[in-house]
Amino acid sequence: MRYLPTAAALAGLLTSAVLVPSGVSSAEPGRPDTGSEGRAGSAPTAGDTTHRRPTPRLAVRYRDVVDRTGSPRAFREFDRVGNQVFNPLLDQGAWHGFTLPAEPDEYGGFTGPMVISEEYSLFFAHELDQLSVRADGRPVDLAAARSHEVFAIPGALVQRYDLDRFAIELELRYADSRTAVIRTRVTNHTRSRQRLELAWRGALSDRWDPPTTLAEKYPDWTRSVTGTDTGVRFTFGRLRS
């Protein structure tokens, strides 16, 4: 399983971004993308389709048909008849899936992931990769955005936050059966440059089920998180033969 945010979002990573003056519109499902990905400020010239993407006219008709929200707090969260409580998005034949944030303190990340472990569905993290933003040295509260959208369409999970001076859009899609990609787009609403600090954080879950910690259930099970040149590596010890 590979989890590749396009803004190089790594646990504990801090990066700085400069937003150049307005001129880019934020892309959205159902509307052509007239901006340049990863760089705010340069609008394409008339007739330039280099940065355009197909308009998913059919997908937006099925917005939130399936409830993809969830706040997984343990590896196993089943209802009283043994069904998984949440409905994560899986696509392209993937055996791992993500859910949309259900609570304001989860905004900026996609909750999970859930992995299929033989016949079981397990969430090994509550929120593995959550974005936080500082503007002019002050933290930005995404929950206080003047408007926001958190929704699912077939094949994608989307979050949008419209703040006074800039907007943020996060979109999760699957590239193949082992790779989920998050595109992070920041759009400058002003006529002046802005400097933002972007940080990503996350942690593995420490609970097996709501009443039981992982240490109580499997005291000898080892897990580790290490940084690499290109991302973060998660290593899980053998639990059974």
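**Aromatic rings and a sheet**

Modeller: Start with two residues: phenylalanine 86 is buried, and phenylalanine 123 is buried too. Keep in mind that this is a predicted model.

Colleague: How are the rings of phenylalanine 86 and phenylalanine 123 placed?
Modeller: Their centres are 5.9 Å apart and their planes stand at 90 degrees, so the pair is edge-to-face.

Colleague: And where in the chain do phenylalanine 86 and phenylalanine 123 sit?
Modeller: In distant parts, 37 residues apart. Phenylalanine 86 is in the loop between β2 (14-19) and β3, while phenylalanine 123 is in strand β5.

Colleague: What about the rings of phenylalanine 124 and phenylalanine 234?
Modeller: That pair is tilted, because the planes are at 50 degrees, with the centres 6.4 Å apart. The pair also links distant parts of the chain, 110 residues apart. Phenylalanine 124 is in the loop between β5 and β6 (130-135), and phenylalanine 234 is in strand β16 (residues 232-236).

Colleague: Is phenylalanine 124 buried or exposed?
Modeller: Phenylalanine 124 has 7% relative accessibility, so it counts as buried. Phenylalanine 234 has 29%, so it counts as partly exposed.

Colleague: How many aromatic pairs are there in the whole structure?
Modeller: Nine. Ring pairs also build a cluster from Phe75, Phe124, Trp208, Tyr218, Trp221, Phe234 and Phe236.

Colleague: Which rings have an arginine over the face?
Modeller: Phenylalanine 151 has arginine 63 over its face, 3.8 Å from the ring centre. Tyrosine 120 has arginine 76, at 5.8 Å from the ring centre.

Colleague: New topic. What is the strand order in the open sheet of three strands?
Modeller: The order is β3-β4-β5, and the pairing is antiparallel.

Colleague: How many bridges join β4 to β5?
Modeller: Four, with β4 covering residues 111-117. Methionine 114 has phenylalanine 123 in β5 as its bridge partner.

Colleague: Now the whole chain. How many helices and strands?
Modeller: One helix and 16 strands. Of the 241 residues, 38% are buried.

Definitions and conventions: Residues are numbered from 1 along each chain as its sequence is written. This is a predicted model: local features need pLDDT of at least 70, side-chain atom pairs count only at pLDDT 80 or more; totals for chains, interfaces and linings use all residues. Side-chain values use heavy atoms; hydrogens and water are left out. Two strands pair if DSSP finds at least two bridges between them. Helices (H or I, at least four residues) and strands (E, at least two) are DSSP runs, numbered from the N terminus. Buried means under 20% relative accessible area, exposed over 50%, partly exposed in between (1.4 Å probe, protein chains only). Rings of Phe, Tyr and Trp (its six-membered ring) pair if their centres lie within 6.5 Å; planes under 30 degrees apart count as stacked, over 60 as edge-to-face and the rest as tilted. A charge sits over a ring if NZ of Lys or CZ of Arg is within 6 Å of the ring centre and within 35 degrees of the ring normal.
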